Amino acid sequence: MDVVVVGQVGRDLVLRVGGVPGAGGSAPVRGRVEVLGGKGANQAVACAQLGLAVGLVGVVGDDRAADDVLAQARADGIDVRHVVRRAGAATALLLDVVADGGERRLLEHVADDVLLRPADVRSAAGAVRGARAVLLQLQQPAPAIGAALDACGPDALVVADGAPQDDGLRERLVATAHVLRADAAEAGVLVGRPVGGVAAGVEAARELVARGPRVVALEAGDANVVAWDGGHVVVPLLGGAPVDPTGAGDSFVGGLTAALLAGHDPATAGWWASAAAASTVGRLGGRPDLDPGRLADAARRARVHHGG
Ligand SMILES: Nc1ncnc2c1ncn2[C@@H]1O[C@H](COP(=O)(O)OP(=O)(O)O)[C@@H](O)[C@H]1O
Ligand SMILES: [Mg+2]
């Protein structure tokens, strides 16, 4: 396996409306998408689309929605042998209501019993140990993420997306993960102070690199900072006006990981990540639609255009 993703799996229902009605109102739905979703699954789909052999470690329920999302994941080429079907649980449902102009409202039903437990992760330990890269989606409970870290092979590229509230896990990740990626709010949790603009992002990323990770990618203002030992690059947002911001971070992580696994340097990986995020925000819903050739090309052209 190239990549094992540890994270959320669910059903994504996306509704596009002209405007969101107030209390007591109603509105016609102009577009509807029902697909495999959840941050972990979206990252897995991104990696699979970019040509990587991917396995997913997550939890679904024992309902019909679980059959649907597992079938979709298989059709995406994702190995779902380590997705746990929890008896009595309802598969996570993510409802994304998007108004014209890109304003988004997200309603999430993620019950506790579809969160990962250490035993779920331990039963996937063989797959985790054999992976070239392990993606940890940090909205999962700390004990499960800890179990995943325990299972990582010595040569695996450990990529962490987010910032755990748990102090012990956060310290462990900063000390042991090879790639740390966070949005602006999560970056603030990682360094213990708000990360507002680009300058603050550069400072935070450099500080984190000094503590261990090979690559740190932080959202900072209207850009992302990618830092490594001895350098950093500020990569702007790409593409046109966003249709729906959902899934941007997941595609960003997928692009970053695919580039690093292909042997590219961190700066190039940053451009791939930004191009992947830009592609996904140009679409309704969080599901990516990536292609390795197109992505490399878009990243290269953007880099030349921005003089990066
Ligand atoms: N047009 C764009 N081009 C490049 N990156 C983008 C674009 N729009 C959003 N992003 C990036 O996507 C990321 C969103 O991260 P996050 O908040 O973690 O998203 P998610 O909701 O998927 O968890 C940020 O790093 C942001 O800068
Ligand atoms: Mg995120």
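Quick housekeeping. This is a predicted model, where local features need pLDDT of at least 70 and side-chain atom pairs count only at pLDDT 80 or more, while totals for chains, interfaces and linings use all residues. Residues are numbered from 1 along each chain as its sequence is written, chains are lettered from A and ligands numbered from 1 in the order in which they are written, and side-chain values use heavy atoms, with hydrogens and water left out.

On terms: helices (H or I, at least four residues) and strands (E, at least two) are DSSP runs numbered from the N terminus, and two strands pair if DSSP finds at least two bridges between them.

Now let's go along the sheet from β10. Strand β10 (residues 179-182) runs parallel to β11 (residues 215-219), and four bridges join them. In that pair, Val179 stands opposite Val215 of β11.

Next, β11 pairs with β12 in the antiparallel sense, over five bridges. Ala217 is opposite Val226 in β12. These two strands make a hairpin with three residues between them, and Gly221 there takes a positive phi near 60°.

Then β12 to β13: antiparallel again, with six bridges. Here Ala227 has His232 in β13 as its bridge partner. This hairpin has two residues between the strands, and Gly230 in the turn has a positive phi of about 100°.

How much of β12 is buried? Five of the six residues in β12 (223-228), so to speak mostly covered; buried means under 20% relative accessible area, exposed over 50%, partly exposed in between, with a 1.4 Å probe and protein chains only.

Now the helices around the sheet. Contact, by the way, means heavy atoms within 4.5 Å.

Helix α5 (residues 142-151) is mostly covered, with seven of its ten residues buried. Among them are Ala144, Ile145, Gly146 and Leu149. And what do the buried residues of α5 pack against? The list is β1 (3-6), α3 (118-122), α4 (125-130), β8 (133-137), β9 (157-161) and α6 (167-176).

Two single residues I'd like you to look at. Ala99 is in strand β6 (residues 92-99), and it counts as buried because its relative accessibility is 5%. Its C-alpha is separated by 5.8 Å from that of Arg16, 83 residues apart along the chain. Not counting residues up to four places away in sequence, Ala99 touches Val17, Gly18, Gly19 and Val20.

The other one is Thr280, in helix α10 (residues 266-281). Thr280 counts as buried because its relative accessibility is 0%. Leaving aside neighbours within four places in sequence, its contacts include Asp244, Thr246, Ser251 and Arg287.

On a 1 Å grid over the protein atoms alone, a cavity is a set of points where a 1.4 Å probe fits but cannot get out, and a pocket is an open set with protein on both sides within 12 Å along at least five of seven lines; lining residues have an atom within 4 Å of a point. Grid points are joined across faces, edges and corners, and a volume is the space filled by probe spheres set on the points.

How many cavities of 30 Å³ or more turn up in the whole structure? One. The largest cavity is lined by Met1, Val4, Gly55, Leu56, Val57, Asp79, His82 and Ala127, and β4 gives the largest share, three residues.

The largest pocket has a volume of about 760 Å³. It has 33 lining residues, and the closest to its centre are Pro245, Gly247, Ala248, Gly249 and Val281. At least two lining residues each come from α1 (39-49), β7 (104-109), α9 (248-261) and α10.
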